[in-house]
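The following exercises are to be worked with the sequence and the coordinates at hand. Each task is followed by a stepwise solution.

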Amino acid sequence: GERVGIIGPSGSGKTTLLGLMGGLDKPTSGTVEIDGIDISRLSESRLTEVRNEKIGFVFQFFNLVPTLTALENVMLPMDFARKPKFHPRRRAAELLELLGLKDRMHHRPNQLSGGQQQRVAIARALANNPPLLLADEPTGNLDTEAGKVVLKALADVQRETGTTVVVVTHDPRIANQ
């Protein structure tokens, strides 16, 4: 339920660390455990299930599907869940509203600002209510004002949902928040 900032210069391994924590990368030695599950030893299908249930990812480059609306982008992880915890459309709308995008939910990514796209990405990462949210330079492609909005959104999410938020950045000001 905490917010954690990991800081380091470009090339220091921050993204690799997040990749290991989220099961996107396999360690060459040692283990990575989430809720007592050694994710470094799971089959790809089981690892996909664990990621879908326990981990939300926010990337620097939003990774939204350009042909889908904001609402549809947020619904995607719930559509892939074996046992959806929520009604996808209702949950997606609630998350977009929480992140200040109620009036933008039927817009496609190219109709949204960078800050709005990043907040859609945050909503998508939270769709299945994961206990862990990993954010890789979430303000890296945003102007200062949009970055402040995104950081506030991450703080609000952590406070309101109890999700652990881990942010990696090269910027000490962001890490301090």
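Helices here are DSSP runs of H or I with at least four residues, numbered from the N terminus. The model is predicted.

**Exercise 1. Determine in which helix Asn73 lies, whether Asn73 is buried or exposed, and which residues Asn73 touches.**

Solution. 
Step 1. Residues 70-80 form helix 3, and Asn73 lies in this helix.
Step 2. The relative accessible area of Asn73 is 0%. Buried means under 20%, so Asn73 is buried.
Step 3. When residues up to four places away in sequence are not counted, Asn73 touches Leu64, Val65, Leu68, Pro109, Val120 and Arg124.

**Exercise 2. Identify the residues of the largest nonpolar core that touch the most other members, and state which elements each supply at least two residues of this core.**

Solution. 
Step 1. The largest nonpolar core has 34 residues, and those touching the most other members are Val74, Leu96, Val120, Ile122, Leu133 and Leu154.
Step 2. At least two residues of this core come from each of helix 3, helix 4 (88-98), helix 5 (114-126), strand 5 (132-136), helix 6 (144-161) and strand 6 (164-169).
Step 3. Another core, of 13 residues, lies apart from the largest one; among its members are Leu18, Leu42, Phe57 and Leu134.
Step 4. For Leu133, the contacts beyond four places in sequence include Phe57, Val58, Leu154 and Val166.

**Exercise 3. Explain why the buried residues of helix 4 are on the same side of the helix, and name the helices against which they pack.**

Solution. 
Step 1. The buried residues in helix 4 are Pro88, Arg91, Ala92, Leu95 and Leu96.
Step 2. These residues lie on the same side of helix 4 because they cover an arc of only 130° around the axis.
Step 3. In general, an α-helix has 3.6 residues a turn, so residues three or four places apart point the same way.
Step 4. The packing partners of the buried residues of helix 4 are helix 3 and helix 5.
Step 5. After helix 4 comes Gly100, with a positive phi near 75°.

**Exercise 4. Give the strand order of the open sheet, and specify which strands are the edge strands.**

Solution. 
Step 1. The open sheet consists of four strands in the order 1-6-5-4, and the pairing is parallel.
Step 2. Strand 1 (3-7) and strand 4 (55-58) each pair on one side only, and these are the edge strands.
Step 3. On average, and with direction ignored, neighbouring strands of this sheet are turned by 15° against each other.
Step 4. Strand 4 and strand 5 run parallel and are joined by four bridges. Opposite Val58 stands Ala135 in strand 5.

**Exercise 5. Describe the surroundings of Lys54, and state how far apart the C-alpha atoms of Lys54 and Asn129 are.**

Solution. 
Step 1. Lys54 belongs to helix 2 (residues 44-54).
Step 2. With a relative accessible area of 17%, Lys54 is buried, since the cut-off for this class is under 20%.
Step 3. Not counting residues up to four places away in sequence, Lys54 touches Ile34, Asp35, Ile37, Pro130, Pro131 and Leu132.
Step 4. Although Lys54 and Asn129 are 75 residues apart along the chain, their C-alpha atoms are separated by 7.7 Å.
Step 5. Asn129 is in the loop between helix 5 and strand 5, has a positive phi of about 55° without being a glycine, and is partly exposed at 35% relative accessibility.
Step 6. Asp35, one of the residues touched by Lys54, is in the loop between strand 2 (33-34) and strand 3 (37-38). Its phi is positive, about 50°, although Asp35 is not a glycine, and at 58% relative accessibility Asp35 counts as exposed.

How values were computed. Residues are numbered from 1 along each chain as its sequence is written. This is a predicted model: local features need pLDDT of at least 70, side-chain atom pairs count only at pLDDT 80 or more; totals for chains, interfaces and linings use all residues. Side-chain values use heavy atoms; hydrogens and water are left out. Buried means under 20% relative accessible area, exposed over 50%, partly exposed in between (1.4 Å probe, protein chains only). Contact means heavy atoms within 4.5 Å. A nonpolar core is a set of buried Ala, Val, Leu, Ile, Met, Phe, Trp, Tyr and Cys residues joined through side-chain atoms within 4.5 Å. The arc is that of the directions from the helix axis to the C-beta atoms. Two strands pair if DSSP finds at least two bridges between them. Axes are lines fitted to C-alpha atoms, for helices over the stretch in contact, and angles run from 0 to 180 degrees between N-to-C directions.
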